[in-house]
Amino acid sequence: MKLYIINGPNLNMLGIREPDKYGKTGYAELTELIRAHCCERGITPIFFQSNHEGDLVDKIQEAYFEGADGIVINPGAYTHTSIAILDAVLSTSLPTVEVHISKVEEREDFRQTSYIRRACVKTVTGHGTAGYLEAIDYLSEMLSRNEN
């Protein structure tokens, strides 16, 4: 099983940016945590982070063309603004889980809109970096059920 783990703007600043909201785990630590979790489950993770919307769209499309089984995505601030990222996920039909480290539903009003959510099979918010692992496990279980 191959999952793309896609992160949007400012996720490269994990551990530095507002640690009271996002924790002290850095981006490299996060990818290592995910890699170890995936290795235990026989999943190949493909990591990508960009601060640029078009690059994220390209990577979502790549996931489709490279035969990914699913996507875990934290679009960052693009969650609340990007119809292009929504359209990219919709066009691939790949099962996708939206992840947010902080509990966005308890934050500013402008963060209450999630365009990407309409294309996702699940949303995980407020579970810190463990939310990525929850998303991976959800996709793994869902995809395994679909194979049987």
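Strand S3 is mostly covered, with five of its five residues buried; here buried means under 20% relative accessible area, exposed means over 50%, and partly exposed lies in between (1.4 Å probe, protein chains only). The model is a predicted one, in which local features need pLDDT of at least 70 and side-chain atom pairs count only at pLDDT 80 or more, whereas totals for chains, interfaces and linings use all residues. Residues are numbered from 1 along each chain as its sequence is written, and side-chain values use heavy atoms, with hydrogens and water left out. Helices (H or I, at least four residues) and strands (E, at least two) are DSSP runs numbered from the N terminus.

A closer look at S3 shows that both of its faces are covered. Gly 70, Val 72 and Asn 74 lie on one side, Ile 71 and Ile 73 lie on the other, and all are buried. Strand S1 is mostly covered too, with five of its six residues buried.

These strands belong to an open sheet of five strands, in the order S2-S1-S3-S4-S5, with parallel pairing. Strand S2 (44-49) and strand S5 (122-125) stand at the edges with a single partner strand each, so one side of each has no neighbour in the sheet. On average, neighbouring strands of this sheet are turned by 20° against each other, direction ignored; axes are lines fitted to C-alpha atoms, for helices over the stretch in contact, and angles run from 0 to 180 degrees between N-to-C directions. Strands of a sheet pair through backbone hydrogen bonds, either parallel or antiparallel.

The pairing can be followed strand by strand, where two strands pair if DSSP finds at least two bridges between them. S1 and S2 pair in the parallel sense over six bridges, and Leu 3 stands opposite Pro 45 in S2. S1 and S3 are joined in the parallel sense over five bridges. Ile 5 has Val 72 as its bridge partner in S3, while Ile 6 stands opposite Ile 73 in S3. S3 and S4 pair, again in the parallel sense, over three bridges; here Val 72 has Val 97 as its bridge partner in S4.

A nonpolar core is a set of buried Ala, Val, Leu, Ile, Met, Phe, Trp, Tyr and Cys residues joined through side-chain atoms within 4.5 Å. The largest such core has 22 residues, of which Ile 34, Val 72, Tyr 132 and Ile 136 touch the most other members. The elements that give two or more residues to this core are strand S1 (2-7), H2, S4 and helix H5 (130-147). H5 provides the largest share, seven residues. Apart from this core lies another, of 19 residues, among them Val 57, Ile 60, Val 89 and Ala 119. In soluble globular proteins, nonpolar side chains tend to be buried together.

For Ile 34, contacts (heavy atoms within 4.5 Å) are made with Ile 5, Pro 45, Phe 47, Tyr 132, Leu 133 and Ile 136, not counting residues up to four places away in sequence. In helix H5, Ser 140 is buried, with a relative accessible area of 14%. Leaving aside neighbours within four places in sequence, Ser 140 is in contact with Met 1 and Ile 43.

The buried residues of H4 are Ile 85, Leu 86, Ala 88, Val 89 and Thr 92. They cover an arc of only 160° around the axis, which puts them on the same side of H4; the arc is that of the directions from the helix axis to the C-beta atoms. An α-helix has 3.6 residues a turn, so residues three or four places apart point the same way. The buried residues of H4 pack against helix H3 (53-65), S3 and strand S4 (96-100). At the start of H4, a side-chain oxygen of Ser 82 comes to within 3.4 Å of the backbone nitrogen of Ala 84. Ser 93, which follows H4, has a positive phi, near 60°.

Two loop residues complete the picture. His 80 lies in the loop between strand S3 (70-74) and helix H4 (83-92) and is buried, with a relative accessible area of 12%. Beyond residues up to four places away in sequence, His 80 touches Phe 110, Arg 111, Thr 113 and Tyr 115. Gly 26, in the loop between helix H1 (19-22) and helix H2 (27-41), is buried with a relative accessible area of 14%.

Technical notes: A polar contact is a pair of N or O atoms within 3.5 Å; within protein, one must be able to donate a hydrogen and the other to accept it, and residues adjacent in sequence count only if both atoms are side-chain atoms.
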